[in-house]
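Trainee: May I request a close look at a single part of this structure, followed by an account of how the surroundings are arranged?

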Number of protein chains: 2
Amino acid sequence: MIEKRNTISVEQAREVLCNQITHLPVERKIVTEALNQVLQEPVFAPFPAPYFRRSGYDGFAITEADDGNYPIRLHVVAEVPCGKTYDKPLNPGETVRIMTGAKVPDNAAKIIMLEQSRNADKENEIILINTQKSSNITEIGAEFAKGDLLLDRGHILNAGSISLLSSFGIHEVQVIKKPKVAILSTGSELISAGNPLPDGKIYNSNQPLLENLLKVHHAEICVAEQLPDNYEDTKKRLLELTEIADLIITTGGVSVGDYDFMADIAKQEAELLFNKIQMRPGSPTTGMWLNQTLIIALSGNPGACFTGFYLLVEPVLATLMGKDTTATTKVRAKMASDYTKNNGYDRFLRGTYRLSDEGEYLVDLVGSDMSSALGNLHLTTCLFKIPRGQVGKFKGEEVEAWLLSSK
Amino acid sequence: MIEKRNTISVEQAREVLCNQITHLPVERKIVTEALNQVLQEPVFAPFPAPYFRRSGYDGFAITEADDGNYPIRLHVVAEVPCGKTYDKPLNPGETVRIMTGAKVPDNAAKIIMLEQSRNADKENEIILINTQKSSNITEIGAEFAKGDLLLDRGHILNAGSISLLSSFGIHEVQVIKKPKVAILSTGSELISAGNPLPDGKIYNSNQPLLENLLKVHHAEICVAEQLPDNYEDTKKRLLELTEIADLIITTGGVSVGDYDFMADIAKQEAELLFNKIQMRPGSPTTGMWLNQTLIIALSGNPGACFTGFYLLVEPVLATLMGKDTTATTKVRAKMASDYTKNNGYDRFLRGTYRLSDEGEYLVDLVGSDMSSALGNLHLTTCLFKIPRGQVGKFKGEEVEAWLLSSK
């Protein structure tokens, strides 16, 4: 009557999932719209930066020949605001009024700052009082030579790197596509928020949870819907979703009950990867391939769904996105207080962390440890692990912990 | 010829900006679409959670009268999957087959797990082998009583709290609006990426920088455009933008040069808040009110634009959004190496940080300290301050630092 399942560790489950997939295909994308996507080509400077000799100050460009015997009186032959050029040779005795960031005439040797100038009584003349130590000119290629590596393959684009690419006029770039994820919440008991609640039914909270966790982790949600417990309908919909989604996440139906159709589908229709993980909450979490699409079937318990997202889904998303690190940072931490429940499985507790004065992460349980608890997910900033077979962990004992990305 | 400006500290500038504004108006929003917005009402549980006695396991619900003299043989009168109910009284000698999460019949006292059952030879009968310590029933209100505070005013909605609200069927919620921000990059030298680059002009890199920093900080960009240096056009466009934006950020034109029209507009058309901050880079950064809209006019130098965003714009965004903390975390840090340039102004350097084994943040300069440098913005994970009037800071000396939110 009770099905026996083979268990694997959460690390093994994560490996099984991530080792069977690779990053998604590449797309050409407009740079300014590629935030958080992974660059799939190295990008080199198409020209030096700056590509012209750039004035560092508002002032007067002078030739080398004039740079002595101050005060000097020079003839102002032009004004060069930013974006304009003075293309004639600058002769001794001549100067151009030049603005910060403007192109310095080719044979100018120095910019004398505006502060060192005095109006002459004659129009188109200026008196420069004193020289300056520096040329105040940024030479061509001072920051980047042509061909310098700007960003390497694998870089995750952020505001700074988008700005850098833009400064070289690079408009489009090869990046790894964002994963399209389908969410399917299963359960005849589920009602969507905003609707009346018949007795015995519950509002669907896992779907909004997953939708927003996916948003935070920069995935694209292609479908988010719920289905009653029905083998044929669920199978049919899953097969349809495999045609449009890069990854399917389901909730519910993974246990060994009579209505746990997701567990049956995994065995009968799909290539089962695992259906029992040595962890609480979420031990019946199931992984499978269906029609060349990975399905991670999370438990319907909110705590298990949340924990499963961070321990299993997020690493898969990172792999699909071509990121070599997950958004969840594993750290060593110490228990801020005792937690002394025994368990045959590793227990992943929802907690909060703080950095002690000694630079240690102190972790503490937040709210209830029940997998059905809903009231602590929004307060959780870390997960930490009570290893199986122990009486728990006491205050000050070391534990493994994972700091969660929350924004 | 040179205008003298009154200087204020960056802390004063931030205060001047943030003290003159308050959070934006409230809007009613669908909960699942309100990620990262601030709740403007406390939310109480509209019903207890769970609101029915919930079975913790797959098994058999029995009356108190039958809970003894195991093994017992009971008559299975119904099957209760999730979302269904058994509304008749459960009599001694009767049991219902019940699933995890389903509603327990009113006068059932305990759930005997499926593992403790054995098929009887007679149809509609079951043999239960042993009792269990726990009732395996989650009582009404075990997690939340009706009227309990779920989330307080001021809470920033995350995936967990959206899930929590959804579990109570709460579909809409009062939140503070997201700021609509207009970006206006000024400068006749600016060309957009993807276009040919005439001599002396440069590609606009500040606008993509600000656009993406704003995305990361959950603001809405209502306009992002560039204008040549022209007093009347810039003034006209700024006035138009004040009609649609909650905040305007400009770049360029804030210095004292002949084409720095933003500086002139601030004095002639607007209520000037400040136009000189004791900081490098970005000392001419200007704050003003124009037509009841706040304008932060950043320097056109990329480093100054980046630093100004974190030091001045981000705190303003947080205030407009009703957040009582900024996304930038101020910490005490130590210099990882020497930085020995003197300056009359506080210098905010772009750096990286790491946590030492002793739990101290060690900060180090990343790339060039020039305000015109572009090649380090994407690597910057912190800013740190070299106070004015010092010869710099030596390795191991304490500095103020700000860890930047980058995602």
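Trainee: In strand 23 of chain B, which residue is the bridge partner of Arg280(B)?

Mentor: The model is a predicted one, and the partner of Arg280(B) in strand 23 of chain B is Arg347(B). This pair belongs to the parallel pairing of strand 19 (residues 279-280) of chain B with strand 23 (residues 346-355) of chain B, which is made by 2 bridges. Arg347(B) also stands opposite a residue of another strand, namely Ile386(B) of strand 25 of chain B. The pairing of strand 23 with strand 25 (residues 382-386) of chain B is antiparallel and comprises 5 bridges.

Within the order, strand 13 (residues 180-186) and strand 17 (residues 247-251) of chain A are joined by 5 bridges and run parallel. Val181(A) has Leu247(A) of strand 17 of chain A as its bridge partner.

Most residues other than glycine have a negative phi, and most peptide bonds are trans. Asn36(A), a residue other than glycine, has a positive phi near 75 degrees, and is placed in the loop between strand 1 (26-30) and strand 2 (43-44) of chain A. Tyr70(A) and Pro71(A) are linked by a cis peptide bond with omega of about -5 degrees; Pro71(A) is in the loop that runs between strand 4 (59-62) and strand 5 (72-80) of chain A. The bond from Arg280(A) to Pro281(A) is cis as well, with omega near -5 degrees, and Pro281(A) is found between strand 19 (279-280) and strand 20 (286-290) of chain A, in the loop.

Between the chains, helix 3 (residues 206-216) of chain A meets helix 2 (residues 159-167) of chain B: their axes come within 8 Å and cross at roughly 160 degrees. The two helices are therefore roughly antiparallel, as angles over 145 degrees are counted in that way. Their crossing is right-handed. Helix 3 of chain A contributes Pro208(A), Leu209(A), Asn212(A) and Leu213(A) to the contact, while helix 2 of chain B contributes Ala159(B), Gly160(B), Ile162(B), Ser163(B) and Ser166(B). Of the residues in this contact, 5 are nonpolar, 4 are polar and none is charged.

At the level of domains, the assignment for chain A comprises domain 1 (10-25 + 177-320), domain 2 (27-46 + 151-176), domain 3 (54-138) and domain 4 (329-403). The centres of domain 3 and domain 4 of chain A, taken over C-alpha atoms, are 66 Å apart.

Key:
Residues are numbered from 1 along each chain as its sequence is written. Chains are lettered from A and ligands numbered from 1 in the order in which they are written. This is a predicted model: local features need pLDDT of at least 70, side-chain atom pairs count only at pLDDT 80 or more; totals for chains, interfaces and linings use all residues. Side-chain values use heavy atoms; hydrogens and water are left out. Axes are lines fitted to C-alpha atoms, for helices over the stretch in contact, and angles run from 0 to 180 degrees between N-to-C directions. Helices (H or I, at least four residues) and strands (E, at least two) are DSSP runs, numbered from the N terminus. Angles under 35 degrees count as roughly parallel, over 145 as roughly antiparallel, 65 to 115 as roughly perpendicular and the rest as oblique. A crossing is left-handed if the near helix is turned anticlockwise from the far one by less than a right angle, and right-handed if clockwise. Contact means heavy atoms within 4.5 Å. Ala, Val, Leu, Ile, Met, Phe, Trp, Tyr, Cys and Pro count as nonpolar, Asp, Glu, Lys and Arg as charged, and the others, Gly among them, as polar. Domain bounds come from an automatic or database domain assignment. Two strands pair if DSSP finds at least two bridges between them.
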